[in-house]
Amino acid sequence: MTSSSVTARRLAAAALAAGALVGAAALPATAADRSHRENVEISRVQYDSPGWDNGSNRSLNNEWVEVTNNSRHRVNLDGWRLTEDQRGVSYTFRHFSLGGHQTVRVHTGVGRDTARDLFQDRRNYVWDNRRDTATLRNDFRRVVDSVTWGERNHRDDDNRGHEGRGHDNRGHDGRGHDGWGHHRR
């Protein structure tokens, strides 16, 4: 065997070994990214703007959904969607990442986006005051979280004055389901 063929085999073996190391190193990062994404949730919903629903930009911006990152790592939300399930109205996050243990409020109306407040720039209300579902999907269209409020056959359920939490006014209990229809997936 010539020294050039031995050298070629050694280089090929080194390249394969290096590729295996790079691939192995990439796996934990992917798994870690997935676990961070699983820690993002819809934490609060204000589906009934306080006061009269007069359609003003102020009233529209008092209708909002809060999305919280419960992990300590920043999560890239670029391409994620927040969807109103009855009519299919959706908001797509563009060029936005949410810091660890941070919350962003997504308002219905027009405004200037910041790290804590995003605006859908809509001229009409999105969320139904009586019953609806807000769904958060990642950039692979997988459901990350959803929140449902109201009851199908309850005529008096207007949930006014409860910050979108329903009549029992309970918040998220961390067990995957709470008093206002919050389901973690």
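**Exercise 1. Aromatic pairs**

Tyr-91 and Phe-93 are both buried in this predicted model. Work out the geometry of this ring pair.

*Solution.* 
Step 1. Take the distance: the ring centres of Tyr-91 and Phe-93 lie 5.2 Å apart. The cut-off for a pair is within 6.5 Å.
Step 2. Take the angle: the planes of Tyr-91 and Phe-93 stand at 75 degrees, so the pair is edge-to-face. Planes over 60 degrees apart count as such.
Step 3. Move on to Phe-96. Phe-93 pairs with Phe-96 at 6.3 Å between centres, with 35 degrees between the planes, and this pair is tilted. Phe-96 is buried, as is Phe-93.

**Exercise 2. Other rings**

Which residues do ring pairs link into a cluster, and what sits over the ring of Trp-64?

*Solution.* 
Step 1. Ring pairs join Tyr-47, Trp-127 and Trp-149 into a cluster.
Step 2. Turn to Trp-64. The charged end of Arg-105 sits over its ring, 3.7 Å from the ring centre.

**Exercise 3. The open sheet**

Give the strand order of the four-stranded open sheet. Then trace the pairing around Thr-68.

*Solution.* 
Step 1. The order is β1-β2-β7-β8, and the pairing is mixed.
Step 2. Find the edges. β1 and β8 (117-119) are the edge strands, each pairing on one side only.
Step 3. Pair β1 with β2 (residues 64-69). They run antiparallel, joined by six bridges.
Step 4. Pair β2 with β7 (residues 103-107). Five bridges connect them, again in the antiparallel sense.
Step 5. Glu-41 stands opposite Thr-68, and in β7 the bridge partner of Thr-68 is Thr-103.

**Exercise 4. An edge strand**

Why is strand β1 (residues 40-46) largely enclosed by the rest of the structure?

*Solution.* 
Step 1. Recall that β1 is an edge strand of the sheet.
Step 2. Count buried residues: six of the seven in β1 are buried, so the strand is largely enclosed by the rest of the structure.

**Exercise 5. Ser-49**

Is Ser-49 buried or exposed? Which residues is it in contact with, leaving aside neighbours within four places in sequence?

*Solution.* 
Step 1. Locate Ser-49: the loop between β1 and α2 (57-61).
Step 2. Ser-49 has 2% relative accessibility and therefore counts as buried. The cut-off is under 20%.
Step 3. List the contacts of Ser-49, sequence neighbours within four places set aside: Ser-59, Asn-62, Glu-63 and Tyr-125.
Step 4. Look at Ser-59. Its backbone oxygen lies 2.7 Å from a polar atom of the Ser-49 side chain.

Terms used. Residues are numbered from 1 along each chain as its sequence is written. This is a predicted model: local features need pLDDT of at least 70, side-chain atom pairs count only at pLDDT 80 or more; totals for chains, interfaces and linings use all residues. Side-chain values use heavy atoms; hydrogens and water are left out. Buried means under 20% relative accessible area, exposed over 50%, partly exposed in between (1.4 Å probe, protein chains only). Helices (H or I, at least four residues) and strands (E, at least two) are DSSP runs, numbered from the N terminus. Two strands pair if DSSP finds at least two bridges between them. A polar contact is a pair of N or O atoms within 3.5 Å; within protein, one must be able to donate a hydrogen and the other to accept it, and residues adjacent in sequence count only if both atoms are side-chain atoms. Contact means heavy atoms within 4.5 Å. Rings of Phe, Tyr and Trp (its six-membered ring) pair if their centres lie within 6.5 Å; planes under 30 degrees apart count as stacked, over 60 as edge-to-face and the rest as tilted. A charge sits over a ring if NZ of Lys or CZ of Arg is within 6 Å of the ring centre and within 35 degrees of the ring normal.
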